[in-house]
Amino acid sequence: HFPPENATVYLGSGFIQEALRRARELTDAAYAHTTDRMKMSISEGSVRPNDLLALFKQTGPKTKAHIRAAEFLDNTVELIREMVYTHSMDKPDLSELLSAEDMETILQATGCSAEMKRPVCKSDCLSKRYRTITGHCNNRENPQWGAANTPYARWLSPQYEDPRGAPRGWSPQHTYHNHTLPPIPLSDPRSHTQSCMAFFRSAPSCSSPLGQREQLNAITAFVDSSMVYGSSDALALSLRNLSSPLGLLAVNQFHSDEGFDFMPFLNRTQPQLDPCGPRQHSDHTSAPQQKNNISMGNASFCFQAGDSRANEHLGMIALHTLFLREHNRLAEELHRINPHWSPDTLYQEARKILGAVHQILTWDHYLPHVLGRSANQILMPAYKGYDPAADPSISNIFSTAAFRFAHVTVHPVVNRLGPDYRLSPAHPALPLHHSLFSSWRVVKEGGIDPVLRGLLVSPAKLQTADQMMVEELTERLFQAQGGLPLDLAALNLQRGRDHGLQGYSVWRELCGLPAPVNESALSGILGNTALARKLLDLYGVAENIDVWVGAIAEPALPGGRVGPLLACLIARQFRGLRDGDRFWWQNEGVFSSGQRDALRSTSLSRIICENTRIQQVPLDPFTNTMRAEELLSCSNIQLFNLSAWTEPDSDPVCGAVPRLTLGFSVLCGSAVFYQCPAGFLLIGATHVTCDPQTHHWSPQTPTCQDIDECSTDSAVCPPHLQCFNTPGGYTCTEAAAPPLSASSIAGSVMSVLGGVALIMLLLFCYQRFILRKADPPKPDCCQRTS
Ligand code: HEM
């Protein structure tokens with residue numbers, strides 16, 4: 001079966017099939033192992049900190065399918081390599097040994113072929129108006145750019161320890177610039193209780209079958225409020241309230257926040273695995289009542305949102321809840337001004353507004369504080385319109401290192417404040433690890449308002465060289481969920497190696513910043529000789545420093561929270577996300593100029609005022625508010641005026657927009673699109689267009705016709721019940737008689753009343769003319785009853 005030396009013969013199908021068979025077995029065994037591990041967690045009745053890491057990833061069915069295919073592919077390629085090596089003792093170059101057909105066979109068999117298929121993009125007016133949920137087709141030429149379940153972009157090629165993707169530092173003997181990479185130091189307090197910290201590699205993606213390992217981004221890259229709506233169609237659908245005619249998102253059916261909604265609970269099939277409830281022995285600082293598991297029926301405690309990290313921190317829960325409420329508020333308001341819009345249109349328009357709001361809050365209100373005003377001006381020049389050549393995909397360096405800068409800004413204490421912005425005994429301040437995965441606290445401890453007030457007036461942690469990350473994150477991460485705690489700093493460093501990120505100096509060079517060649521250069525860059533020495537003691541040379549730690553060690557730029565390297569990397573990512581987004585809120589044609597003007601006035605404070613009971617807010621929630629006197633009353637905050645979303649009722653050329661008496665319509669360009677309510681069928685065209693020649697709408701306006709479910713589907717009711725059609729629905733009843741409509745009920749009441757009146761009259765006549773025979777009869781009296 002094997003090619004002779006120096007032959008350019010391909011491996012052949014028998015060989016490929018054997019590799020595929022063994023790789024499938026290996027992959028299945030790995031999945032079975034994970035299932036067993038999960039079963040063990042269930043039988044132990046606990047979620048271990050490492051299981052929580054798995055929860056961090058958005059593993060919907062589509063992501064799972066891609067990961068499985070990629071792992072199958074990875075195992076196949078690895079096996080082929082091994083099989084060739086054992087036979088020829090030669091380091092194989094698979095690109096020479098696998099023909100194009102062999103490669104196609106492998107991609108088909110593993111499922112990667114289907115995963116990498118170019119999506120078909122719709123081009124009707126409404127598809128051009130709204131983003132897809134998955135982010136596909138934003139870029140028409142490169143429809144995968146920025147989409148969910150695509151690999152992270154690389155700005156620098158990866159550097160692994162072998163040609164495939166072994167993590168940097170995997171082999172203790174492997175050296176980098178004559179130095180080994182440092183392991184977690186032995187002085188770690190955990191070394192008494194655990195010899196190592198479990199770590200799972202990020203899943204590979206299908207994208208580079210024979211090349212180096214790439215990781216998968218399961219969510220959309222775009223700042224599109226996907227944390228509210230989800231990044232997969234299935235999740236997006238499950239987050240909606242499909243029975244509402246208002247395009248609302250589903251809300252919690254068990255609890256409300258004094259009239260305001262909570263997110264629904266996640267419907268977990270294994271409630272034991274839910275990490276969000278109070279823990280029986282979480283630890284000694286919990287109040288006794290918090291230690292008892294509170295029953296929520298069969299529902300789980302974790303909230304369901306568009307992003308799986310929603311429950312990770314109380315602040316995240318509060319913000320996710322806030323945006324859910326804002327969607328529903330917007331949809332209701334839009335319905336008020338456009339009652340002819342369908343639930344889908346209301347959902348999409350509210351989603352579009354929330355996406356724009358999120359972009360404005362991020363770019364205009366948040367980023368300048370991260371980069372510093374002057375760096376922001378230089379690195380984030382004014383918007384010049386959509387650039388189809390700009391790739392918005394999230395880069396590996398951004399997610400694995402740069403945007404994790406914020407881990408060093410996380411405060412160790414979560415303040416929850418009362419209406420007077422003071423700590424109150426009702427909801428005391430919490431150590432950070434008690435606020436992780438603790439959704440029950442907003443349900444049972446005063447809703448989201450105290451958490452939001454805490455966020456509004458508590459400063460972020462200031463990063464210092466001697467305490468980069470708080471111990472709450474390095475010593476107690478997920479401790480309250482049981483098991484041995486994790487260390488977020490160690491995870492960040494190891495993740496960087498797992499993803500093959502190159503060292504600190506190389507990234508500085510990419511940014512046009514001088515690479516530190518010696519200790520004094522590094523001391524100059526870090527503004528701290530002791531820190532520079534410590535890093536060089538550990539890593540030997542600056543090229544070896546793990547980029548995350550090198551980057552956060554740089555002092556912040558004036559008015560910002562990050563140093564020059566992070567500013568460069570973060571700004572580059574955000575420029576791509578802005579310029580490469582066809583639905584960017586300022587891109588011509590996305591919103592009207594009136595709508596853009598309204599959007600410009602948006603603020604996080606306004607959203608808080610409109611969706612909570614909070615009465616006082618800072619003018620700019622992204623700057624630190626020190627004193628209660630600096631707060632403004634909500635009545636002084638500019639409200640969001642949606643009048644620019646009122647749809648015109650006439651077209652300049654064709655006049656009045658043809659609407660449906662029963663049914664929905666929406667104007668898109670010079671066309672009107674129609675939809676019928678559930679239970680009705682659209683008869684006629686799905687849309688009509690304004691004909692500039694005739695000045696008429698054509699073709700004819702459609703109508704909505706009631707569907708007779710009883711005659712179209714005989715099995716609609718159980719066999720022993722009879723089906724009766726009603727407008728938009730049907731009923732199943734035992735009685736043979738049809739259910740009464742409103743008009744027939746009124747008719748029946750009239751008949752009964754008439755009958756009673758008749759009897760009364762007969763009685764009256766009987767008494768008067770039969771019992772009292774002496775009186776003369778009055779014919780008109782009895783005549784009236786006839
Ligand atoms: C209490 C607050 C936070 C906690 C407990 C937390 C925890 C975590 C954990 C456990 C991971 C996964 C680590 C790994 O295995 O690689 C992670 C990843 C990450 N975190 Fe945080 N984090 C927090 C706040 C933040 C903030 C404020 C930001 C940014 C503004 C942030 C940005 C990120 C990013 C970008 C990733 C990588 C995501 C990915 O690629 O999947 N985190 N965080």
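**Ligand and disulfides**

Reply: The side chain of Tyr 152 has an N or O atom 3.2 Å from an oxygen atom of the ligand. This is a predicted model, where local features need pLDDT of at least 70 and side-chain atom pairs pLDDT 80 or more, while totals for chains, interfaces and linings use all residues. Residues are numbered from 1 along each chain, and side-chain values use heavy atoms, without hydrogens and water.

Me: What is the protein donor of the iron atom?

Reply: Donors are N, O and S atoms within 2.8 Å of the metal (3.2 Å for Na, K and Ca); water is not among the atoms, so sites may look incomplete. Here the only protein donor is NE2 of His 407, at 2.0 Å.

Me: How many disulfides does a search of the whole structure find?

Reply: A disulfide is a covalent bond between the sulfur atoms of two cysteines, taken here as a sulfur pair within 2.5 Å. The search finds 10. One of them joins Cys 125 to Cys 668; its S-S torsion is about -85°, so it is left-handed.

Me: Is Cys 668 buried or exposed?

Reply: Buried means under 20% relative accessible area, exposed over 50%, and partly exposed in between (1.4 Å probe, protein chains only). Cys 668 is buried at 3%, whereas Cys 125 is partly exposed at 27%.

Technical notes: Polar contact = N/O pair within 3.5 Å; in protein donor to acceptor, adjacent residues only side chain to side chain.
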